[in-house]
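Colleague: Before I use the labels in this description, I would like to hear what stands behind each of them. Please set the values against the cut-offs.

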Amino acid sequence: MDNFKIFRFENKSFGLLIAIILLISGCAGKFDGFVLGESFLADRQIQTRKFSTDDEKALLVAASGVLQDMGYKLEESETKLGVLVASKTRDATKIAEVAIKVLYAFLLVNIPIDHIQTFKVSLITSVSPNGGYLLRATFQRTVINDQNRVTLRATIHDKEIYKDFFDKLSKSVFLEAQKI
Amino acid sequence: MPKLRSLFVLVICFIFISSCANTSARLLDSDESALKLRSIQSRVFDTTDTETTLRTIISTMQDLSFVINKADLELGSISGTKLKGYILDMTVSVRPRGENQLVVRANATLGINPIVEPEPYQDFFTSLEKAMFLTANQID
């Protein structure tokens with residue numbers, strides 16, 4: 001009789017466990033990688049500038065010059081579709097993190113710290129409905145730590161970064177237009 | 001004892017069968033579900049303007065936070081990557097269909113796993129048809 005009770009209890013616990021697992025997996029939800037985010041219009045605005053030119057190729061040439069000035073390596077271009085893709089890899093080490101790593105080393109603990117970061121950007125030009133051309137930039141950043149693990153994979157949404165980039169591009173487009 | 005022997009035979013059979021399916025079989029990844037997958041990944045648009053379609057695809061991918069990796073007007077293909085904690089890679093191709101239509105096909109992988117469910121592709125084509133001001137029709 002006791003054995004029967006234990007079996008019933010285990011059976012109930014097992015059922016509960018299955019129910020919890022189903023509930024948790026049900027909460028996982030559907031993949032939303034292809035759904036437009038709430039901020040997509042704001043992002044578009046931050047990432048896009050209009051240039052008063054009718055020469056798409058000249059705009060791309062000026063943009064590739066700015067990318068070179070910023071140390072980017074051109075990876076891909078298709079001028080017929082207004083596409084430029086570039087990337088650069090840089091050191092991601094922070095002095096404060098190194099100091100903490102050294103302190104932990106005294107305790108014989110090896111903590112991971114950021115080591116290398118890669119930036120990737122695509123620049124896309126398109127005809128503006130009101131004349132001129134639009135240029136949209138999208139930057140991504142990937143950070144790898146000193147144990148060769150990725151610690152960050154993200155699109156950059158920082159308004160200031162895009163503003164700085166477009167300030168540089170505006171100057172370059174002006175210089176290109178003036179042939180300076 | 002006979003039970004143990006049956007179990008042993010079962011394990012041997014399992015090892016034998018599983019050894020036949022080597023990992024290089026993933027090189028082509030084509031089986032009877034390929035047609036179904038193609039249908040899930042493709043839509044037909046009533047236009048013949050490949051360049052505008054490719055430019056609209058690029059713009060839609062940018063709205064979805066993709067960075068474009070490659071673009072080729074002659075081949076009619078675009079590929080891009082979205083980073084959001086995960087790595088979402090997608091290639092979109094555009095091909096003529098008859099004299100008045102284009103077929104747009106997208107195939108995506110999340111990390112190392114191909115996306116084979118219809119919903120994510122439906123989400124993408126919903127965004128694309130809005131941007132194209134055209135209806136995305138399922139392939140017959």
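Colleague: What makes Gly33(A), Gln140(A) and Leu64(B) contacts of Lys82(B)?

Modeller: Contact means heavy atoms within 4.5 Å. With neighbours within four places in sequence left aside, Lys82(B) is in contact with Gly33(A), Gln140(A), Leu64(B), Ser65(B), Phe66(B), Ile87(B) and Leu88(B). This is a predicted model, in which local features need pLDDT of at least 70 and side-chain atom pairs count only at pLDDT 80 or more, while totals for chains, interfaces and linings use all residues. Residues are numbered from 1 along each chain as its sequence is written, chains are lettered from A and ligands numbered from 1 in the order in which they are written, and side-chain values use heavy atoms, with hydrogens and water left out.

Colleague: Why is Lys82(B) said to have no salt bridge?

Modeller: A salt bridge needs a side-chain nitrogen of Lys or Arg within 4 Å of a carboxyl oxygen of Asp or Glu. For Lys82(B), which is buried, the nearest side chain of opposite charge is Asp32(A), 6.3 Å away. Lys and Arg count as positive, Asp and Glu as negative; His and the chain ends are not counted. A polar atom of the Lys82(B) side chain does lie 2.9 Å from the backbone oxygen of Gly33(A).

Colleague: What makes Glu51(B) and Arg55(B) a salt bridge?

Modeller: The closest N and O atoms of that pair are 3.2 Å apart. Both residues lie in helix α3 of chain B, 4 residues apart, about one turn of the helix. Arg55(B), at 18%, counts as buried, whereas Glu51(B), at 32%, is partly exposed.

Colleague: Why is the pair of Phe31(A) and Phe34(A) called edge-to-face?

Modeller: Rings of Phe, Tyr and Trp (its six-membered ring) pair if their centres lie within 6.5 Å; planes under 30 degrees apart count as stacked, over 60 as edge-to-face and the rest as tilted. A search of the whole structure finds 10 aromatic pairs over all chains. In the pair of Phe31(A) and Phe34(A), the centres are 6.3 Å apart with 85° between the planes, hence edge-to-face.

Colleague: What makes Phe34(A) and Tyr121(B) a stacked pair?

Modeller: The centres are 6.5 Å apart and the planes 25° apart, which counts as stacked. This pair crosses between chains, from the loop between α1 (2-27) and α2 (40-47) of chain A to helix α4 of chain B. Phe34(A) and Tyr121(B) are both buried.

How values were computed
Buried means under 20% relative accessible area, exposed over 50%, partly exposed in between (1.4 Å probe, protein chains only). A polar contact is a pair of N or O atoms within 3.5 Å; within protein, one must be able to donate a hydrogen and the other to accept it, and residues adjacent in sequence count only if both atoms are side-chain atoms. Helices (H or I, at least four residues) and strands (E, at least two) are DSSP runs, numbered from the N terminus.
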